[in-house]
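Subject: Structure handover and findings

Hello,

Here is the structure for your files. Please open it alongside this note.

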Amino acid sequence: MVGDFVLADDPFPDPELETEEAPNPLEDDFEDQLREQSENFQGNKNKCDFLGTDKQGRHIFGIYASRFPEKSQLEGFVRQVIKEIEPFVENDYILVYFHQGLKEDNKPSAQFLWNSYKELDRNFRKNLKTLYVVHPTWFIRVIWNFFSPFISDKFRKKLVYISSLDELRQALGLNKLKLPDTICDFDHKLNPSRGRVSQPAAPNGRPTMQFGVTLKFIVMHSPCLNSIPPIVRKCVDSLSITGVIDTEGIFRRSGNHSEIMALKERVNRGEDVDLSNVNVHVIAGLLKSFLRDLAEPLLTFELYDDVTKFLDWPKEERSRNVTQLIREKLPEENYELFKYLVDFLVRVVDCADLNKMTSSNLAIVFGPNFLWSGRTNTSLEEIAPINAFVDFVLQNHKAIYLIDVNQRTVSVD
């Protein structure tokens, strides 16, 4: 029906010209298997969730069919989703659509989906790197095949069907993925042989490891000058060269994933890697991956609750509070590395006329890589103050770091 379907210039004729009796195969209910469980839409303030960053440091957003309102409210729902993720789509990003929970009364029509796609800004289409569809049904496949003739090959290749949450975790490179119980239970029913996914074992702690371990472990086992891991210094040195630091889209564009993974493996084996002939986006991706792979975020789990309140602080108190958090609550090795990276990112900002990376752009990229929650996924409501905190540090670094770490006051019991 779909594969050989030939359409006129407008694939969706005026609905006023159609008779009520004319059957529309795309409007049939194919979702019986997904009806059993759904979330209460009214109970979710956010229309979508921030799920973290993937292996290359790209933001991941989750959209749930179970949160769709009734059809009459879908247009406003889509606009709200766009509004929530719009600040992030200037950078490469990942979208995950969870199909569980779609019902007849909230299932969008083909016409609505097509109109929504056409209204998307260029950045939404261009910078979307992968669209994962989790637990797809025949309905989804029919809709996608129906749209295929009218969508570019480049965009069409971004769609990836995911049959299980285990497969999704592997694709995203996220060992922990906090999702609604209804989706986890549904996945368990579809894939009973998999059982609940157990967390992977901790790395074996080879002394040469710099990825996937704690910063303290690296400082103890690697030749770190002023607590700066060797691979971080190599990345920063390579990216600081004139002609590299001013590369347009530095840190925003994704590097080749296989090259990044190969470099990480070599570093963890203790090899001395040469980055002189490595692509700038691969080096940038390697640096972001280092931060994201830390067993504990650079700004530490302890500071999470404080940083996520940043926007609630009175403006006149922010400088004092930020300085106090960074200089008094960060462990010394974390303080040193954060200061080192901030100094480098400020130099990146100084080249913003060429690389187009302002402090706010860099904050969006690095915020989720500097800090995340140890309890649950970081929500969109929490990612905003984290990014604002990093942006503030980049803009006020001179005042914050006026006194060097070696001159910090250390309390003595």
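Below is what was found, from the overall fold down to single contacts.

**Ground rules**

This is a predicted model, in which local features need pLDDT of at least 70, side-chain atom pairs count only at pLDDT 80 or more, and totals for chains, interfaces and linings use all residues. Residues are numbered from 1 along each chain as its sequence is written, and side-chain values use heavy atoms, with hydrogens and water left out.

**Overall**

The protein chain holds 18 helices and five strands. Helices (H or I, at least four residues) and strands (E, at least two) are DSSP runs, numbered from the N terminus. Of the 413 residues, 52% are buried. Buried means under 20% relative accessible area, exposed means over 50%, and partly exposed is in between (1.4 Å probe, protein chains only). Contact means heavy atoms within 4.5 Å. Take the contacts between residues at least 6 apart in sequence: 79% of them join residues at least 24 apart.

**The sheet**

Five strands form an open sheet in the order E1-E2-E3-E4-E5, with mixed pairing. E1 and E5 (159–162) are the edge strands; each has a single partner strand, so one side of each lacks a neighbour in the sheet. On average, neighbouring strands are turned by 25° against each other, direction ignored. For such angles, axes are lines fitted to C-alpha atoms (for helices over the stretch in contact), and values run from 0 to 180 degrees between N-to-C directions. Two strands count as paired if DSSP finds at least two bridges between them.

At one end, E1 runs antiparallel to E2 (residues 59–64), joined by five bridges. Thr-53 has His-59 in E2 as its bridge partner. The hairpin of E1 and E2 has five residues between the strands, and Gly-57 there takes a positive phi near 80°. Why is E1 described as largely enclosed by the rest of the structure? Because six of the six residues of E1 (residues 48–53) are buried.

At the other end, E4 (residues 128–134) pairs with E5 in the parallel sense, over four bridges. Tyr-132 stands opposite Val-160 in E5.

**Asn-369 and the helix pair**

Asn-369 lies in H16 (residues 359–370). Asn-369 counts as buried because its relative accessibility is 0%. Its side chain makes a polar contact with the side chain of Thr-53 at 3.3 Å. A polar contact is a pair of N or O atoms within 3.5 Å; within protein, one must be able to donate a hydrogen and the other to accept it, and residues adjacent in sequence count only if both atoms are side-chain atoms. Leaving out residues up to four places away in sequence, Asn-369 touches Thr-53, Gly-57, Lys-288, Leu-291 and Arg-292.

The axes of H11 (residues 280–293) and H16 come within 8 Å and cross at roughly 35°.

**Salt bridges**

A salt bridge is a side-chain nitrogen of Lys or Arg within 4 Å of a carboxyl oxygen of Asp or Glu. By this rule the count is 15. Among them:

- Lys-234 and Asp-272: the closest N and O atoms are 3.1 Å apart. The pair links distant parts of the chain, with Lys-234 in H9 (residues 230–239) and Asp-272 in the loop between H10 (257–268) and H11, 38 residues apart. Lys-234 is partly exposed at 30%, and Asp-272 is exposed at 63%.
- Lys-329 and Asp-306: 3.3 Å, N to O. Lys-329 is in H13 (residues 315–329) and Asp-306 in H12 (residues 304–307), so the pair ties together parts 23 residues apart in sequence. Both are partly exposed, Lys-329 at 37% and Asp-306 at 23%.
- Lys-339 and Asp-343: 3.4 Å, N to O. Both lie in H14 (residues 332–350), four residues apart, about one turn of the helix. Lys-339 is buried at 16%, while Asp-343 is partly exposed at 26%.

Salt bridges that share partners also join Lys-71, Glu-104 and Lys-107 into one network.

Best wishes
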